[in-house]
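Reader: Could you take me through a few features of this model, giving the general idea of each before turning to the case at hand?

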Amino acid sequence: MVSPGCTGCVRGEVGPVTGAAEQPQQQRAELAVVLDHQDPCRRQGTVNGLPAHILLVHAIVVLLPLAALLLVLTAVRPAARRRFAGPNAILSVFVVALVPVTTSAGEWLEHRVTDTALLRQHTELGDTAIWVALPVALLALVIWWRHREATASPADALAAPARRRARLAPLSVTVTRIIAVLAVVAAGAAVYDTFRIGESGAKASWTGTFDSAPAQDGPARPDGD
């Protein structure tokens, strides 16, 4: 999974990695070791012995839909805007910064597991996360800025009335409605994309690894059953 935020390290790998899907697993592992030595941003791929990707992805699947939900609320409800516009702007920007870190960790993990069609599908979908997180962050910043301008103190409003009218039209009902529509579309796309990425990751991890029937020879439970 290629990280949009690690262009200096990862984008330089595109040549040798492109054909990795067709290589034997051993060659893929050897390639990953070589790339780790070449690129510092790939070396730290674990946290407490677990792949960092499986930890970071949980943050994305919670925080990105949360930011999308708050985006819609702050776009359509003035009371929510007063309370959450600023915090959601910060949260949305944080999510945008977190997405490349997560995809970079996923790219590290990709070369250390068995290559499958489901894995490649998850990799491709994972690269779309940044493109749904960016509109959410941009609109969250716009909503925060317009709220800030609209609630400026009377002294500020008298000192710079032209500035208040010119910057994102904070008092325009029409602009507010347009932003609300865009917010609903961006939030829906973000939630749907997050679902698709999470579902593909679950399929890549669990397909063919369990049986619908209970195991008969597993270890006994502590209660003796």
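Author: Gladly, and please keep in mind throughout that this is a predicted model.

Reader: Which residues of H4 are buried, and what do the buried residues pack against?

Author: An α-helix has 3.6 residues a turn, so residues three or four places apart point the same way. In H4 the buried residues include Ile60, Leu63, Leu64, Ala67, Ala68, Leu70, Leu71, Thr74 and Ala75, together with Ala52 and His53. The buried residues of this helix pack against strands E1 (46-47) and E2 (50-51), and also against helices H5 (78-110), H6 (117-126), H7 (129-150) and H10 (173-206).

Reader: Which residues make the nonpolar surface patch?

Author: Val47, Leu50, Ile54 and Leu55 make a patch of about 290 Å². Isoleucine 54 belongs to helix H4, and because its relative accessibility is 34%, isoleucine 54 counts as partly exposed.

Reader: How many aromatic pairs does the structure hold, and what is the geometry between tryptophan 144 and tryptophan 145?

Author: Planes over 60 degrees apart count as edge-to-face. The structure holds one aromatic pair, formed by tryptophan 144 and tryptophan 145, whose planes make an angle of 65° at 5.9 Å centre to centre, and the pair is therefore edge-to-face. Tryptophan 144 is partly exposed, with a relative accessible area of 32%, and tryptophan 145 is also partly exposed, at 22%.

Note on methods: Residues numbered from 1 in each chain as written. Predicted model: local features only at pLDDT ≥ 70, side-chain atom pairs only at ≥ 80, totals over all residues. Heavy atoms only, no water. Phe/Tyr/Trp six-rings, centres within 6.5 Å; stacked < 30°, edge-to-face > 60°. Buried < 20%, exposed > 50% of the residue type's maximum accessible area, 1.4 Å probe, protein only. Helix = DSSP H or I, 4+ residues; strand = E, 2+ residues; numbered from the N terminus. Contact = heavy atoms within 4.5 Å. Patch = residues over 30% accessible without salt bridge, like charges linked within 9 Å, V, L, I, M, F, W, Y side chains within 5 Å. Areas by Shrake-Rupley, 256 points an atom, 1.4 Å probe, with all protein chains shown as cover. Salt bridge = Lys/Arg side-chain N within 4 Å of Asp/Glu carboxyl O.
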